[in-house]
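Okay, everyone, thanks for coming. Let me put the structure up on the screen, and then we'll walk through it together.

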Amino acid sequence: MAQATPAADPAALVEWLCRMGDNCLILGHRVSEWCGHSPVLEEDIALANTALDLIGQTQFWLGLAGEVEGKGRSADSLAYLRDAAQFRNLLLVERPNGDFGNTLMRQFLFDAWHMAMLDALTGSTDPRVAEIAAKAVKEVAYHLERSADLVIRLGDGTGESRARMQKALDSLWPYTGEMLLDDGVDRAMAAAGIAPLPQDLKAGWDRTVAETMAQATLAVPQTGYQHKGGKTGRHSEALGYILADMQFLQRAYPGAVW
Amino acid sequence: MSGAAHPDIAEIWRWLSQVPDPEIPVISLTDLGIIRGVEWQGDTLVVTVTPTYSGCPATSLITLDIEKALRDRGIDRLRLERQLSPPWTTDWISAQGRESLRAYGIAPPVDGTAADGRLAGRIARLAGTSNLVIACPRCGSTATERLSQFGSTPCKASYRCTDCLEPFDYFKCI
């Protein structure tokens, strides 16, 4: 297992793997908050299934992060025993659920990026990354198909649903820029051929969003201020509440096992 | 166990073909196509298993079931390995497995129809030009409609037959 990754700095690789894993973990947790609360049974099941896929993918990414780090941390210890400043997820995935439409819009904006990212990662020079991506991309194709479908149906729906979807798009938009911006970790991964540069995903993401919003009769906001910081551990207060909920058991009863 | 006393590999495959999937017990683990390899490495039997979906909660139960089935047959030196690549696909479900699914009331997968993340497929479906035809496992009618892309487990979608009016699960392609 330990061959791979020719020139990549292991610390940067761990950082990048945590970004991939934390996106899945935090969005998976957010989506799981709907379990038992969705507007109709089929959607409740679909959301729970999506969350399950994301949590499964988390185990692969964070498991590999712990292995590369080599300090004996498992996917579980990374998920349950880090504090907010050590999380590397995008600000977008920690945004509160809001209504059903807002949850689906957040999912679509992320899925469109996630699909493009995983698709590129199937050609990673690191076989461990490529095989996780090849597994995950098949699941995420279904996530994207579903979220795009619902964004279109709700956007091109009733006056009420359309207004809510436009509001969701407008309020989430300032959190979408971060996933398409490069920083030092991204450049180190791209140089080693492990991952694409985020900005190289931008044209495809823009096209997917534009096509879907056109069908949904929603107006794509003109670029404005974009928040960033999640990728380097500067989070909104929303993450603290997620962790308080998600990590309670391990914090209160350290080492508890199922 | 000495080398000479090792049970035959084909025999071990036969034993594994009797281990049911914990969530859909009419289909065996070998029919599902998730056992990717069985081999002796010295005195240790190595069984390679690939997960269906990343988060499938049955994965750990499947591991336990394999272990139990083989230990019950007297194999005490056993190692299970997880293999992610190539990723599991419903194309690996055997003909026998597909028939068992249908008889159980689950429409088997239609190969080559997995979502690929391209909007073209979705648009074709919305426009009614998709060629994906799912036959009702109860009455055989092809007049069926999708209720939801996700069903009672991640591997299934929910459908309804518009002839006999029964809802049913479709084992979707991945």
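So, to start: what radius of gyration does chain A have, with its 258 residues? Chain A has 18 Å, and that agrees with a compact globule, because a globule with 258 residues would come out near 18 Å. Along the principal axes, the C-alpha trace of chain A spans about 55 × 45 × 30 Å. As for what chain A is built from, you'll find eleven helices and zero strands. Reading along the sequence, that gives the pattern α-α-α-α-α-α-α-α-α-α-α.

A word on confidence before we move on. What you're looking at is a predicted model. For the complex, the predictor gives an ipTM of 0.85 and a pTM of 0.91. Chain B has a mean pLDDT of 87, with 89% of its residues at 70 or more.

Now chain B. Its domain assignment gives domain 1, residues 3-82, and domain 2, residues 101-171. Where these two domains touch, eight residues come from domain 1 of chain B and six residues from domain 2 of chain B. On the domain 1 side, that's five nonpolar, two polar and one charged.

Let's look at some strands. In chain B, strand E1, residues 35-41, pairs with strand E2, residues 44-49, in the antiparallel sense, over six bridges. The hairpin of E1(B) and E2(B) has two residues between the strands, and there B:Gly42 takes a positive phi near 65°. Across from B:Leu45 in E2(B) you'll see B:Trp40.

Which residue in E3(B) is the bridge partner of B:Leu45? That one is B:Leu78. Strand E3 of chain B covers residues 78-82, and it runs parallel to E2(B), with five bridges joining the two.

Last topic: how do the two chains meet? The contact takes 28 residues from chain A and 21 residues from chain B. On the chain B side, helix H5, residues 119-126, and strand E5, residues 144-148, each supply at least two residues. And what classes of residue does chain B bring to the side that touches chain A? There are eleven nonpolar, eight polar and two charged residues.

That's my tour, so let's open it up for discussion.

Technical notes. Residues numbered from 1 in each chain as written. Chains lettered and ligands numbered in written order. Predicted model: local features only at pLDDT ≥ 70, side-chain atom pairs only at ≥ 80, totals over all residues. Pairing = 2+ DSSP bridges. Helix = DSSP H or I, 4+ residues; strand = E, 2+ residues; numbered from the N terminus. Contact = placed C-beta atoms within 7 Å. Nonpolar A, V, L, I, M, F, W, Y, C, P; charged D, E, K, R; others polar. Domains from an automatic or database assignment. pLDDT = per-residue confidence, 0-100. Rg over C-alpha atoms; globule rule 2.2 N^0.38 Å.
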